[in-house]
Amino acid sequence: MQTQPILVVDDEPDMRIALTHALSHSGYSVEIASSGLEALEKFEADKFSLIITDVKMPGMSGIEVLGKVKKRSPKIPVIMITAYGTINNAVEAMQEGASDYILKPFSREILEAAIKKIYINSNGKAQSKLLEVSETKRIITQDSKFLNILELAKNVAPSNATVLIMGESGTGKELLASFIHQHSGQSDRPYVAINCAALPESLAESELFGYEKGAFTGAVSRKIGKFELANHGTIILDEITEIAIPLQAKLLRALQEREIDRVGGDKPVPVDTRIIAISNIDINKAVKEGRFREDLFYRINVIPLTIPPLRERKGDIPLLANYFLEKYSLSNNKKMTKIAGETISLLLRYDWKGNVRELENTIERAVLLGKGEVLLPKHLFLEELGSNGRKSVPIRAGLSVKAMEKELIFHTLEEVNNNRTHAAKLLGISIRTLRNKLREYKESSGELVDYSTTRPIAERSGLNRQVLPI
């Protein structure tokens, strides 16, 4: 517990009383000030371990209090209290040295968590990490949950235990897999990543396990599979739930016995490969639906790591936004080096369904299209986008969910010039699922489909149209 009191600064008597009661209940010693001027007088006369100040106060604002305190004692932590109406000022204050800010209204638990985070860190600044994965890839976070995941990942990395990384698309699952490999004893050994969803079902086995010469027509020489290529290193099985059931049994044997069978081979081949599986869907649900073997799930679920979505770690948004701003300003020879407070405010309010990947794309676009040294809200083009960061598809009463799904798929394909891989990522489904959906639409309608646009010919010509035009 701190040895010096906390100084609470607020012009509202009720807020001073509430803060004093909450902090005293948690065991902290508290001093109060009703104005910025009184706060500075007390600050000059006494020593404090922390200052909590409202942003908007008559006379001297909380921003001015912060500036004067930091000028005299740069290391003392300051927490800003703000309502949504003044969040822009609070974010700017963070850039000027504030340790944290709390939005009104807030609970005692939120206040205590903010204080504990500061006391844990001796320099009074929020703990953050920029972890090098490679020369071009980094993990940036100050979120406590994500930091705990990284710590666990670092601890298990030296072992040969199988790791299952779960999380929504765009959260950084592949980065975490690379991080584990870099901290393992095989960091100088092979690192082989394979997207299971992109494997054609007829070729998946030979891609994973290889084949012998003469195993089938066209097999004119032996081919080494991904497992052998990753021998003594790490293999990443991305979207592992997309592997067909028959092949899952062979994958299970490879994990259990540490040996594989090449297609057409007459004896098993031993492999010493670290497996990291990745999934962006609920594997428990896939098991219940019979799409994934339960015994394989138990085998890969030795060390489960789930990355929280960006909307659950919004404290990382300013960090990431500034990092991407610097990255793309340098690479594109731009002079944009600052983010306006109202821009940060907009980024914090936005629902990032595409997670870090969507945020990065948004900042890159803003740098390329924006002008000046400051990133402004208008540069983001978020106002005209839906909550998922793309132009929304109109909805009308009576439109079935299935028809809406169909229209969304066609619309997304058109937006990405029929790039199915990109469309599948934007839609949050696998490329195999997308192919199956397109096949289903073709078979159920009995219409000719022009796959240059992926839209049924009758629909594009306005005939028998059953869905809302875009």
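Helix H13 (residues 316–331) and helix H15 (residues 355–369) sit at an oblique angle to each other.

Helices H13 and H15 are oblique to each other, a label for angles that are not under 35 degrees (roughly parallel), over 145 (roughly antiparallel) or 65 to 115 (roughly perpendicular). The axes of H13 (residues 316–331) and H15 (residues 355–369) come within 9 Å and cross at roughly 45°. Axes here are lines fitted to C-alpha atoms, for helices over the stretch in contact, with angles running from 0 to 180 degrees between N-to-C directions. The crossing of H13 and H15 is right-handed, meaning the near helix is turned clockwise from the far one by less than a right angle.

Who touches whom? On the H13 side, Ile-317, Leu-320, Ala-321, Phe-324, Leu-325, Lys-327, Tyr-328 and Ser-329 meet Val-356, Leu-359, Glu-360, Ile-363, Glu-364 and Val-367 of H15; contact means heavy atoms within 4.5 Å. Sorted by class, that makes 10 nonpolar residues, one polar and three charged. Ala, Val, Leu, Ile, Met, Phe, Trp, Tyr, Cys and Pro count as nonpolar, Asp, Glu, Lys and Arg as charged, and the others, Gly among them, as polar.

## The model as a whole

This is a predicted model, where local features need pLDDT of at least 70 and side-chain atom pairs count only at pLDDT 80 or more, while totals for chains, interfaces and linings use all residues. Residues are numbered from 1 along each chain as its sequence is written, and side-chain values use heavy atoms, leaving out hydrogens and water.

The protein has 19 helices and 18 strands, which are DSSP runs numbered from the N terminus (helices: H or I, at least four residues; strands: E, at least two). Of its 470 residues, 47% are buried, with buried meaning under 20% relative accessible area, exposed over 50% and partly exposed in between (1.4 Å probe, protein chains only). Among contacts with a separation of 6 or more, 67% link residues 24 or more positions apart.

## H2 alongside H3

Now for another pair. The axes of H2 (residues 36–45) and H3 (residues 62–72) come within 10 Å and cross at roughly 15°, so these two helices are roughly parallel. Their crossing is right-handed. H2 brings Gly-36, Leu-40, Phe-43 and Glu-44 to the contact, and H3 brings Val-65, Lys-68, Val-69 and Arg-72. That gives four nonpolar, one polar and three charged residues.

## Buried helices

How many of the 10 residues of H7 are buried? Seven are, so H7 (residues 173–182) is largely enclosed by the rest of the structure. The buried ones are Lys-173, Leu-176, Ala-177, Ser-178, Phe-179, Ile-180 and His-181.

Over in H17 (residues 420–427), Ala-423, Ala-424 and Leu-427 are buried. Looking down the axis of H17, these buried residues fall within an arc of 100°, so they line one face of the helix; the arc is that of the directions from the helix axis to the C-beta atoms. As background, an α-helix has 3.6 residues a turn, so residues three or four places apart point the same way. After H17 comes Gly-428, with a positive phi near 75°.

## Two loop residues with positive phi

Glu-239 has a phi near 50°, a positive value in a residue other than glycine. Glu-239 lies in the loop between strand S10 (234–238) and helix H10 (245–257), and counts as buried at 15% relative accessibility.

Arg-258, also not a glycine, has a positive phi near 55°. Its loop runs between H10 and strand S11 (259–260). With 22% relative accessibility, Arg-258 counts as partly exposed.
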